[in-house]
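Here's a quick tour for anyone meeting this structure for the first time. Have a look at it first, then read on.

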Amino acid sequence: MSRDRDPRTLRRPARSALIATSATALSLTASGCVVVHGEREILPSTTRAEAAQALQEFTTAYNEADKAYDGTLDAGHTTGALADIDSARLKAGKANNPDGNPRHTPLKLTDAKFTIPKKAGWPRWFVADAAGNKGGTARWLLVFTRSGLDDPFQVAYLTLVAPDKVPQFKTDADGWAEPVPVNSTDLATAPGDLSRTYTTFLKGGGETFTDGPHTSQWRAARQKNSKKPGMVTQYIDEPLTNGDYAPLALRTADGGALVFFTTRHFEKQTAYAGTSVPTPNKDVLALTKGEIKQSFTMEFVSNEVALDPKGQGKVTILGRIQGLTSAEGS
């Protein structure tokens, strides 16, 4: 790759959109047949028992994949941003440890709470909030989604959030939550715009987001690292909003929303003439194409969870998990 190559040319095609399938449930009554169209009826996305089962199945598959460093073992249980991050991690692990993960410790999720929206159409989805034996005291927030009745629930988003930062959700008399449309206009920022708004903020700043480790502090760290002796680092940020990366939002008790969304980031290091880019660690090298000489570009996928207030106000990024998905040297 030449020194002036735009790191956006490394972008992989976005995963194909989920195929929305129309489910028709048929029930018999004394007067005859009644047809219920799943794409139009407002129904809970799943039952609480099915949600608990999906969480258990994911955890089992995740542990098997992590122990063997084999992405095929949990590929059917992940999608979207998490699939990108997890599959790359397992690929790097396998390359460096062909016999499996020598540091494997099974993930255990307990005290699980399920927030299940009542909605029409596909995808159907829900949020699991659990305590984990990894990540300290943080709560694990996992968003499960599926595109049809015959499809399994898969985890599209996984973030860790401090226990006191997980909001209360608006629920009806039966305990079902309320999804927020991506084009909602009653919030500080429409959920469908958050990915683009966030990447714009990372480039130029602004007043949309509250200060914190994933906003002002991250921008400051990147600005500090952009120029070091013998090397320049460029950053490019891109929104991801379609198909498996579509944002999902739940109404909170105060009228705002908890929004899950995805972004893609590139970091290109270019060494001055006569010098070279520092050699990355072996896990990064396992995902790298080309020979690293004077430039090195890394691609990351990140999934975020944010509190989007009702009306005016600033959006707060509660958590973000980012993973290297590919790299290229030249």
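This is a predicted model: local features need pLDDT of at least 70, side-chain atom pairs count only at pLDDT 80 or more; totals for chains, interfaces and linings use all residues.

Residues are numbered from 1 along each chain as its sequence is written, and side-chain values use heavy atoms, leaving out hydrogens and water.

**Two helices**
- Helix 1 (residues 48-68) and helix 2 (residues 80-96) have axes that come within 9 Å and cross at roughly 30°.
- That angle makes helix 1 roughly parallel to helix 2 (angles under 35 degrees count as such).
- Phe58, Tyr62, Ala65, Asp66 and Ala68 in helix 1 meet Leu82, Asp86, Arg89, Leu90 and Lys94 in helix 2 (contact means heavy atoms within 4.5 Å).

**Aromatic rings**
- There are nine aromatic pairs (ring centres within 6.5 Å; planes under 30 degrees apart are stacked, over 60 edge-to-face, the rest tilted).
- Phe126 and Phe144 are stacked, 4.9 Å centre to centre with 5° between the planes.
- Phe126 sits in strand 6 (residues 124-132) and Phe144 in strand 7 (residues 139-146), 18 residues apart.
- Phe126 counts as buried because its relative accessibility is 0% (buried means under 20% relative accessible area, with a 1.4 Å probe and protein chains only).
- Ring pairs also link Phe58, Tyr62, Phe114, Phe126, Phe144 and Phe153 into a cluster.

**Charges over rings**
- Arg48 lies over the face of Trp176, 4.2 Å from the ring centre (the rule: NZ of Lys or CZ of Arg within 6 Å of the centre and within 35 degrees of the ring normal).
- Arg222 has its charged end over the ring of Trp218, 4.9 Å from the centre.

Terms used. Axes are lines fitted to C-alpha atoms, for helices over the stretch in contact, and angles run from 0 to 180 degrees between N-to-C directions. Helices (H or I, at least four residues) and strands (E, at least two) are DSSP runs, numbered from the N terminus. Angles under 35 degrees count as roughly parallel, over 145 as roughly antiparallel, 65 to 115 as roughly perpendicular and the rest as oblique. Rings of Phe, Tyr and Trp (its six-membered ring) pair if their centres lie within 6.5 Å; planes under 30 degrees apart count as stacked, over 60 as edge-to-face and the rest as tilted. Buried means under 20% relative accessible area, exposed over 50%, partly exposed in between (1.4 Å probe, protein chains only).
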